[in-house]
Amino acid sequence: LNSGLVAGMLGDAIVCGQSKVKGSGIGGIQATQSVIDFCDHHKIYPETKTVPVEEINKVYEVLVGNNDSGLRYVIDIEGSLNEGAMDRCTSPPPNLGPKPKTMGPCTILGAICSFVCCCKWCC
């Protein structure tokens with residue numbers, strides 16, 4: 001594990017999951033760049049679909065669902081974002097639903113802290 005990620009997890013645990021600082025599990029810029037370079041060298045590319053801006057609500061619905069197709073969506077800002085875009089958008093707003101609560105180590109430790117600690121700071 002990256003030391004910064006561990007420090008972030010410990011800090012979040014100390015304040016019982018109330019931390020406003022969050023980390024990323026991607027491994028940092030250098031690791032990400034090496035994966036991009038590897039994919040470029042071996043010609044590994046994602047499947048993409050370019051969609052006009054008026055279809056963004058449909059794209060959100062797909063992404064919030066399973067995205068079974070595995071497509072990566074690219075919004076054509078230059079070609080479709082103009083004064084008439086709002087008139088062409090006939091899709092209802094996406095139903096994003098409530099954000100699911102993850103059961104990571106910080107969430108579990110925060111729950112334990114709220115049971116054990118009787119102070120208002122943790123609960």
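Of the contacts in the protein with a separation of 6 or more, 60% are accounted for by residues 24 or more positions apart. The model from which this value was computed is a predicted one, with a mean pLDDT of 78 for the protein and 72% of its residues at 70 or more.

The secondary structure consists of six helices and two strands, which follow one another along the sequence in the pattern α-α-β-α-β-α-α-α. Helix α2, spanning residues 28-41, contains 14 residues, and the distance of 20 Å from its first C-alpha to its last is close to the 20 Å expected at 1.5 Å a residue. Just after α2, a positive phi of about 55° is found at Lys43.

With regard to accessibility, buried residues represent 15% of the 123 residues in the protein, and the protein exposes about 9,900 Å², of which 62% is supplied by carbon and sulfur atoms.

A search of the whole structure returned one salt bridge, in which the side chains of Arg88 and Glu54 meet at 3.3 Å, N to O. This pair links distant parts of the chain, as Arg88 belongs to helix α5 and Glu54 to the loop between β1 and α3 (56-64), the two being 34 residues apart. In general terms, side chains of opposite charge can pair when their charged atoms come close. The two partners fall into separate accessibility classes: Arg88 counts as partly exposed because its relative accessibility is 36%, between the limits of 20% and 50%, while Glu54 counts as buried because its 17% is under 20%.

The loop between α5 (85-88) and α6 contains Ser91, a residue that is classed as buried because its relative accessible area of 15% lies under the 20% limit. When neighbours within four places in sequence are left aside, Ser91 is in contact with Asn57 and Lys58.

Technical notes: Residues are numbered from 1 along each chain as its sequence is written. This is a predicted model: local features need pLDDT of at least 70, side-chain atom pairs count only at pLDDT 80 or more; totals for chains, interfaces and linings use all residues. Side-chain values use heavy atoms; hydrogens and water are left out. pLDDT is the predictor's confidence in each residue, from 0 to 100. Helices (H or I, at least four residues) and strands (E, at least two) are DSSP runs, numbered from the N terminus. The expected span of a helix is 1.5 Å times one less than its number of residues. Buried means under 20% relative accessible area, exposed over 50%, partly exposed in between (1.4 Å probe, protein chains only). Contact means heavy atoms within 4.5 Å. A salt bridge is a side-chain nitrogen of Lys or Arg within 4 Å of a carboxyl oxygen of Asp or Glu. Accessible areas come from the Shrake-Rupley method with a 1.4 Å probe; for residues, only the protein chains shown count as cover.
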